[in-house]
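The following paragraphs walk through a structure one region at a time. Please keep the sequence and the coordinates at hand while reading.

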2 protein chains.
Amino acid sequence: MSEASQSAEIISVGTELLLGEILNSNAQFLAQELAQLGIAHYYQTVVGDNVLRLQKAIAIACERSRLLIFTGGLGPTPDDLTTETLADFFGVPLVERPEVLQDIAAKLTRRGRSMAASNRKQALLPEGAAILPNPTGTAPGIIWQPRTGLTLLTFPGVPSEMKAMWQQTAVPYLRSQGWSQGAIYSRTLRFWGIGESTLAEKAAAQIRLEDPTVAPYAGHGEVRLRISTQAATEAEALQKIAPVEQQLRELGGLDCFGSDEDTLASVVGDRLKTSQQTVSVAESCTGGGLGSLLTAIPGSSAYFWGGIISYDNRVKVNLLGVDADVLAQQGAVSAEVACQMAAGVRDRLGTTWGLSITGIAGPDGGTDAKPVGLVYIGLASPDSVESFQYQFGTFRGRELVRSLSAHTALDLLRRKLINI
Amino acid sequence: MSEASQSAEIISVGTELLLGEILNSNAQFLAQELAQLGIAHYYQTVVGDNVLRLQKAIAIACERSRLLIFTGGLGPTPDDLTTETLADFFGVPLVERPEVLQDIAAKLTRRGRSMAASNRKQALLPEGAAILPNPTGTAPGIIWQPRTGLTLLTFPGVPSEMKAMWQQTAVPYLRSQGWSQGAIYSRTLRFWGIGESTLAEKAAAQIRLEDPTVAPYAGHGEVRLRISTQAATEAEALQKIAPVEQQLRELGGLDCFGSDEDTLASVVGDRLKTSQQTVSVAESCTGGGLGSLLTAIPGSSAYFWGGIISYDNRVKVNLLGVDADVLAQQGAVSAEVACQMAAGVRDRLGTTWGLSITGIAGPDGGTDAKPVGLVYIGLASPDSVESFQYQFGTFRGRELVRSLSAHTALDLLRRKLINI
């Protein structure tokens, strides 16, 4: 029960969430805010617009958490029942608040609408609850302590209203009540070219730490390690994080490409910009995806000049200068064609580097000799060209093979730029 | 308890969700799928990577639901503990499955990696549980009935793996077990070039219907109307949906570009393939994003030949033949340059159509005369070329401006292909 004494729970009310009609972005926002405030938060619940099930969810949450944050169910329609269900659960009558009624009337007037009977419902709040003002919408929330040691906050489901109310009133309130004691700070290290399990074994000692904690995440070829700690100030947090970060960077070596907001494209871009070098791309199976990644970075025009999407073999020959005989003998998906594409785009655009991709993204087009997932990446430096062969697997799907190809090409250039 | 006899609960396991680091898109996907299958679903729970709290969440879910769907916590690292916590909760030993171990080894080998000790953990499944195969990743899930009347399904947290496993194995399993009785069927109509509120006003009569229901959704420039109904058979559902679909297609006119799995790129591709025409692209601010959308469609090599990413002005002049004087006088982001890019790529690649994009994606580079969000799209037909000017707004962010540009270019070609 000691855990409950300091933990929050987010309860999202709305049948539209159970039908999958909307993403629960409110829960993510509140989770981030709670982490920032250093308020522990162990559970989230989603429940529909149903009195009995909402009551059951309230009963469970009261047992395990001391700060219950509700979103949704404050509107004027009959299926909005968060406020009355809470009042009923704690056995407290609803009372009409004249100041709320006045505020609703004023807002409706400004929009050229008159007060509907259903709007009156929004002025009924549990006796003893404080008003959590809604600066933009008609539905206010409440700040309520129906029992000693239990605090409830309610918000409408509309994200913009919820966020404004959270920031303007809830955060100052929670701070004033001593809920926020030292925030959680974290640093994420990013890796490419190493699997999650291999990295986790290398970093086993760090992952076992209790403070700061180190947690691995993986997805779409990238692996991340998040170092987190709770501290009174950012400086104190950094002091705890820095030595662990240093250890992880050392054991990650070249596989660690950056931290926090870095991407492979931004890291490659920084290196090119610093060394005043440029790059161009020749893309077959990725069809422009590599160029799209590079140009996602603002200011990429400083080092990315462009490229040629050579999806059809005629484009490889006519615009990139790939040898038609080599193409016929080795096939478009071959080491030699990858090299010629990379050198061709480097020469035609006049860039320092040329990067090429040719492969079989699937689902069709694979053979026994050249299965789906086979990809060649060509890398032309100012005076040489080399190719790299990958087998991204026959089962991963077209989009993932394309994404892995483009990111791997960036990673190859990144390593090359470090090693020259 | 009668309610529990037929209802599902989604339990998302992962501290990253409690820290707000990721959006719980898995829960939305599963919620939509359960609705489609007609399986009732009254609660969702999010809990961190913590044995005690996960056990408490399992205990609560068992009491109120009969089908528990877990996502997350199947990975190889120590904080992945869904499988062992379930086995422990139900008092069943974990058993190493040789077929799973073999599958993991094969997948790692194909990626050129060796088996780490931590990977072995993923082959340990509760005695009596069936394997829920993971076609792409190393972590399989389970289908398990630890008690009469209670079914558990587990999935990894990686969305692409979870979705593939759900569709390939879980859906057929649930249907075979009679979970899906009288399913919800739906048809989604897709629109481009009309705002959500305008479309909602046009379709007001349909949106008021009670059966089938019509619900509007919007995001990233596309608006969708989902027509849904519950019925015993698909034929019965289609009979209810068809007349409403017909009405909505009529009032949507050319703005309705397709339905269900259609994308602008697939619809454009179908038309080009049918008429045996081809297209090439010249991209500046999108940097390859338009080519990437076109080549996301399997078989796109039949009509997409490639293109030129002319990010730097030298590439526009040297490779696309844009007039250097026009470039100097009008600027790269101009109607005339868009036209010359489109005609240039059409001529150099020898395709029927040429499509070009030049614009200011931001956040920098805008001026009073040419603000961020200003985009010109050029469309070259076999014997003419025209340009279209857009202002996608100064506040929408670089990625959205680039995405809107690429999709709008596809939409322009789509309308042209319908009208010729």
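In this predicted model, strand β9 of chain B and strand β11 (residues 222-230) of chain B run antiparallel and are joined by nine bridges.

Is G178(B) buried or exposed? With 8 other C-beta atoms within 10 Å, G178(B) is exposed, because a residue counts as exposed when 12 or fewer such atoms lie within that distance. Between G178(B) and I22(B) there are 34 Å in space, C-alpha to C-alpha, and the two are 156 residues apart in sequence.

Another set of paired strands in chain B involves β6, β7 and β8. Strand β6 (residues 130-132) of chain B pairs with strand β7 (residues 141-147) of chain B in the antiparallel sense, over three bridges. Within that pairing, I131(B) has I142(B) in β7(B) as its bridge partner. β7(B) also pairs with strand β8 (residues 150-155) of chain B, again antiparallel and over three bridges. Here R147(B) stands opposite L150(B) of β8(B). Two residues separate β7(B) from β8(B) in the hairpin that they form, and G149(B) in the turn has a positive phi of about 80°.

A helix pair comes next. The axes of helix α3 (residues 51-64) of chain B and helix α4 (residues 82-89) of chain B come within 10 Å and cross at roughly 60°. α3(B) and α4(B) are therefore oblique to each other, and their crossing is right-handed. On the α3(B) side the contact is made by V51(B), L54(B), Q55(B) and I58(B), and on the α4(B) side by T85(B), L86(B) and F89(B).

Turning to chain A, there are 16 helices and 17 strands. The radius of gyration of chain A is 29 Å, well over the 22 Å that the globule rule gives for 420 residues, so chain A is more spread out than a compact globule. Its C-alpha atoms fill a box of roughly 85 × 50 × 40 Å along the principal axes. Of the 420 residues of chain A, 49% count as buried. Among contacts in chain A between residues at least 6 apart in sequence, 64% join residues at least 24 apart.

Chain A also contains an open sheet of four strands, in the order β10-β11-β9-β12, with antiparallel pairing. Its edge strands are β10 (213-219) and β12 (256-259) of chain A, each of which pairs on one side only. Neighbouring strands of this sheet are turned by 25° against each other on average, direction ignored. Three bridges hold the antiparallel pairing of strand β9 (residues 183-192) of chain A with β12(A). R190(A) stands opposite G258(A) in β12(A).

Definitions and conventions: Residues numbered from 1 in each chain as written. Chains lettered and ligands numbered in written order. Predicted model: local features only at pLDDT ≥ 70, side-chain atom pairs only at ≥ 80, totals over all residues. Rg over C-alpha atoms; globule rule 2.2 N^0.38 Å. Buried ≥ 20, exposed ≤ 12 C-beta atoms within 10 Å, placed from the backbone. Contact = placed C-beta atoms within 7 Å. Pairing = 2+ DSSP bridges. Axes fitted to C-alpha atoms, helices over the stretch in contact; angles between N-to-C directions. Parallel < 35°, antiparallel > 145°, perpendicular 65-115°, else oblique. Left-handed = near helix turned anticlockwise from the far one by under 90°.
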